[in-house]
Amino acid sequence: MLTACPERIKPHEMIPDAGCGDGDLNPTLGEECEGSDLDGKSCQSLGFDEGTLSCSACKLVTTLCTKRCGNGKIDTGEACDGDAGISACTDFGYVSCTATCTVDQTHCVTTAFAAANGALTRSPGGPTAVGDLPPHGLGELVMLVPDRFRVEAFRYTVQQAFNPTDSLNFASLGDDPVQAIALGDDVIARNRDGTLDRYRYAATGYVSAPFADAGCSGQIVGALANQAVATSSCDGGELLVWGADAGVLRGAVNGGVCSIADFDRDGAPDVLALAGLQLDVHRAPAFSAADAGQLPLALTSLVGGDFDGDGDLDLAGIAAGQVKLLENTGIGYADRLTLPATGAHDLHAADLDLDGQVDLVWEAADKVLVRRNQGSWVFAPFEATVGSTAGSLSFSVGDVDGDGDLDLVSTRQGASTSSVTYVQLNRVR
């Protein structure tokens, strides 16, 4: 009987590969190396600067390879490494170290702020606030229009700043709106009758979701996560916190100068309340009052910031035509620095040049005045001209052009019941 001849076995198939440890490098089995055979690789070929490459279990081991750029030390050929070798901008802005350990000074500028294209004139118009409403990216200008019993929001455009033809209208649910803030995706408006209107973003538009009536009028201090905060003089003085989906949280407040700041540095904003020299802190989430000590002088406005970079909250405020800075010493507050500030109003504390230090900015006459924190309680002056000497309706700080730095927005009185809004763009980015 004839039988089929068996298929000839190829020589390389006669002995199966024993795998890792057989002395033969076989990439098809996932081997990167075999013993001393590193497949021609080295620390340098893998992107390191120096060191010895080794092999373990047929895998390349780079634990003895080092990369000089990225080790936090300035080695030969490097201009910087991390924070090492970095000095502050001479004028305004920040310096960074690149991934190749070269110094990047492209964010150092001599002109800190420049006027945006065009000013927004509205008749009738009113005070404004800055936010980033959906769709997120470029900012929006939230404007009160008391004579029309409504709140409007204007979107920012590169071509003409806030666009008068691209706006959202929110019909007022209560009396005349007299104050508004952007709170996350929502808009909150306080009315003259003391009620708070909330315009909540839902998918593609806004729906009315009014807060519970607190029964009295209160000035909105600022935003606490998903809540709005107001102080009130009714019932002997109260702090009112309107929850996003709950009723009104009420607590005693000692005075009328209030601010939002993270007093205890736990990541949750608190409410500071100042009466005369007495400072109280209302800590989240209960917001009950606690004694925060006596200040060395009285202030008519109050902001908080870590001005000396030591990790605790210092204070700044306006007093008799001056901006006063008070250092948190750990056992109280000390009068640390005085900045001349005739006619100052609407004081803000923020890192305007993105160098990691908290700066100050306020309005006075037709100027926006910036004091850049240079460390060691030294503040360098910068200013921008608003373009109007008319009375100020509001002054806001926010990222309107979506580039990651904070811009300045000033709304001034116009003819009759109109308003004019000017934008000063931050030039750091």
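Colleague: Where do I start with salt bridges, and how many does the structure hold?

Modeller: Start with the general idea: side chains of opposite charge can pair when their charged atoms come close. Here, the predicted model holds 12 salt bridges.

Colleague: Let's take one. Which side chain meets Arg122 in a salt bridge?

Modeller: That is Glu152, with 3.4 Å from N to O. The pair links distant parts of the chain, as Arg122 sits in strand S10 (residues 120-122) and Glu152 in strand S13 (residues 150-157), 30 residues apart.

Colleague: Why does Glu152 count as buried?

Modeller: Buried means under 20% relative accessible area. Glu152 has 1% relative accessibility, so Glu152 counts as buried.

Colleague: What does Glu140 pair with?

Modeller: The side chain of Glu140 meets that of Arg155 in a salt bridge, at 3.3 Å from N to O. Glu140 lies in strand S12 (residues 140-145) and Arg155 in strand S13, so this pair ties together parts 15 residues apart in sequence.

Colleague: Are Glu140 and Arg155 buried or exposed?

Modeller: Both Glu140 and Arg155 are buried. Now try Glu363 and Arg412, whose side chains form a salt bridge at 3.2 Å, N to O.

Colleague: Which strands hold Glu363 and Arg412?

Modeller: Glu363 is in strand S32 (residues 359-364) and Arg412 in strand S36 (residues 407-413), so the pair ties together parts 49 residues apart in sequence. Glu363 and Arg412 are also buried.

Colleague: Which residues do salt bridges with shared partners join into one network?

Modeller: Look for Asp353, Asp355 and Arg372: salt bridges that share partners join them into one network.

Notes: Residues numbered from 1 in each chain as written. Predicted model: local features only at pLDDT ≥ 70, side-chain atom pairs only at ≥ 80, totals over all residues. Heavy atoms only, no water. Salt bridge = Lys/Arg side-chain N within 4 Å of Asp/Glu carboxyl O. Helix = DSSP H or I, 4+ residues; strand = E, 2+ residues; numbered from the N terminus. Buried < 20%, exposed > 50% of the residue type's maximum accessible area, 1.4 Å probe, protein only.
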